[in-house]
Amino acid sequence: VEFDNSTPAETQAPITADSASSWKGLDQESSLPDSETMSEMSSKLEDKLNFEDQFVEEDVDEVDKVLPEWACMYCGIHDPACVVRCNFPGCRKWFCNSRGRTSGSHIINHLIRSKHKEVCLHPKSPLGETVLECYNCGCKNVFLLGFIPAKSESVVVLLCRDPCLHSNQLQDMDWDSSHWTPLIEDRRFLPW
């Protein structure tokens, strides 16, 4: 077996302006095919490829599903245990605590961008329809809220950072303020 060791440039004839203009449909100035040649080439290519639209019936079920009212406005998650409602009077939209493609969870992203501060849990969630608020003063700003365990009981109480965390009433209620933990950590609510 003999191999041709010549390079492609040595074996092919050079293309000159005269030989290029002889190609059908080429414009001498731009050396690009004209529109008539392009449409001919396109139709020949389509004939050879034989495109046929195929519609898959299985995809219809996913598209036609209607999400419930409490589905996350970002991603559509609608598990009652995973969503919270923005409790701002004009908003009342539902969001989940997952990140998706945002830097924070969907609910935290919404609260920050809209400057809202109150949330409510879903009625079918493990804790029921509960507005998150400070046990002592009733503050509903989730960015100030945290939880604190009681010393002797297995009870967890929501308290705001200021002023309730630093009040003298905590010592009377047998709560250890050194164990106070914010509800929001790393731009998402802690799991509950």
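Visitor: Which residues does Phe-189 touch, not counting residues up to four places away in sequence?
Guide: In this predicted model, Phe-189 touches Asn-97, Ile-107, Ile-108, Val-119, Leu-132, Val-142, Leu-183 and Ile-184.

Visitor: And where is Phe-189 found?
Guide: Phe-189 is found in strand E8, which covers residues 188-189.

Visitor: Buried or exposed?
Guide: Phe-189 counts as buried because its relative accessibility is 2%, and buried means under 20%.

Visitor: How many residues apart along the chain are Phe-189 and Ser-105?
Guide: They are 84 residues apart along the chain, yet their C-alpha atoms are separated by 7.8 Å.

Visitor: Back to the inside. Which residues touch the most other members of the largest nonpolar core?
Guide: Phe-189 is one of them, along with Ile-107, Val-119, Leu-132, Val-142 and Leu-159. That core has 30 residues.

Visitor: Which elements supply at least two residues of this core?
Guide: Helix H5 (106-114) does, and so do these strands: E1 (83-86), E2 (94-96), E3 (119-121), E4 (145-149) and E5 (156-160).

Visitor: Now the sheets. What is the order of the open sheet with E1 in it?
Guide: The order is E2-E1-E3, three strands with antiparallel pairing. E2 and E3 are the edge strands, each pairing on one side only. On average, neighbouring strands in this sheet are turned by 40° against each other, direction ignored.

Visitor: What packs on the sheet?
Guide: Helix H5 packs on it and touches E1, E2 and E3. The direction of H5 makes about 130° with that of E2.

Visitor: How many bridges join E1 to E3?
Guide: There are 3, and the two strands run antiparallel.

Visitor: What is the order of the open sheet with E4 in it?
Guide: That one has the order E5-E4-E6, again 3 strands with antiparallel pairing. Its edge strands are E5 and E6, and each pairs on one side only.

Visitor: How many bridges join E4 to E5, and how many join E4 to E6?
Guide: E4 and E5 are joined by 5 bridges, while E4 and E6 (residues 181-182) are joined by 2.

Visitor: What stands opposite Phe-147?
Guide: In E5, Leu-158 stands opposite Phe-147. In E6, Thr-181 stands opposite Phe-147. For Ile-148, the residue opposite in E5 is Val-157.

Visitor: What holds strands of a sheet together in general?
Guide: They pair through backbone hydrogen bonds, either parallel or antiparallel.

Visitor: New topic. Which peptide bond is cis?
Guide: The bond from Asp-162 to Pro-163 is cis, with omega near 10°. Pro-163 is found in the loop between E5 and helix H6 (169-172).

Visitor: Which residue other than glycine has a positive phi near 55°?
Guide: That is Asp-186, in the loop between strand E7 (184-185) and E8. Arg-187, in the loop between E7 and E8, has a positive phi too, of about 60°, although it is not a glycine.

Visitor: Are those two buried or exposed?
Guide: Asp-186 is exposed because its relative accessible area is 59%, which is over the 50% cut-off. Arg-187 counts as partly exposed at 48% relative accessibility.

Visitor: Zooming out, how many helices and strands are there?
Guide: The protein chain has 6 helices and 8 strands. From the N terminus on, they run α-α-α-α-β-β-α-β-β-β-α-β-β-β.

Visitor: How much of the chain is buried?
Guide: Buried residues are 27% of the 192 in the chain. The accessible surface comes to about 14,200 Å², and 52% of that belongs to carbon and sulfur atoms.

Visitor: What pLDDT does the chain average?
Guide: The average is 76, and 63% of the residues score at least 70. Over residues 19-23 the pLDDT is below 50, and that stretch has 4 contacts beyond near neighbours in sequence. Residues 53-61 also stay under 50, with 1 contact beyond four places in sequence.

How values were computed
Residues are numbered from 1 along each chain as its sequence is written. This is a predicted model: local features need pLDDT of at least 70, side-chain atom pairs count only at pLDDT 80 or more; totals for chains, interfaces and linings use all residues. Side-chain values use heavy atoms; hydrogens and water are left out. A nonpolar core is a set of buried Ala, Val, Leu, Ile, Met, Phe, Trp, Tyr and Cys residues joined through side-chain atoms within 4.5 Å. Buried means under 20% relative accessible area, exposed over 50%, partly exposed in between (1.4 Å probe, protein chains only). Helices (H or I, at least four residues) and strands (E, at least two) are DSSP runs, numbered from the N terminus. Contact means heavy atoms within 4.5 Å. Two strands pair if DSSP finds at least two bridges between them. pLDDT is the predictor's confidence in each residue, from 0 to 100. Accessible areas come from the Shrake-Rupley method with a 1.4 Å probe; for residues, only the protein chains shown count as cover. Axes are lines fitted to C-alpha atoms, for helices over the stretch in contact, and angles run from 0 to 180 degrees between N-to-C directions.
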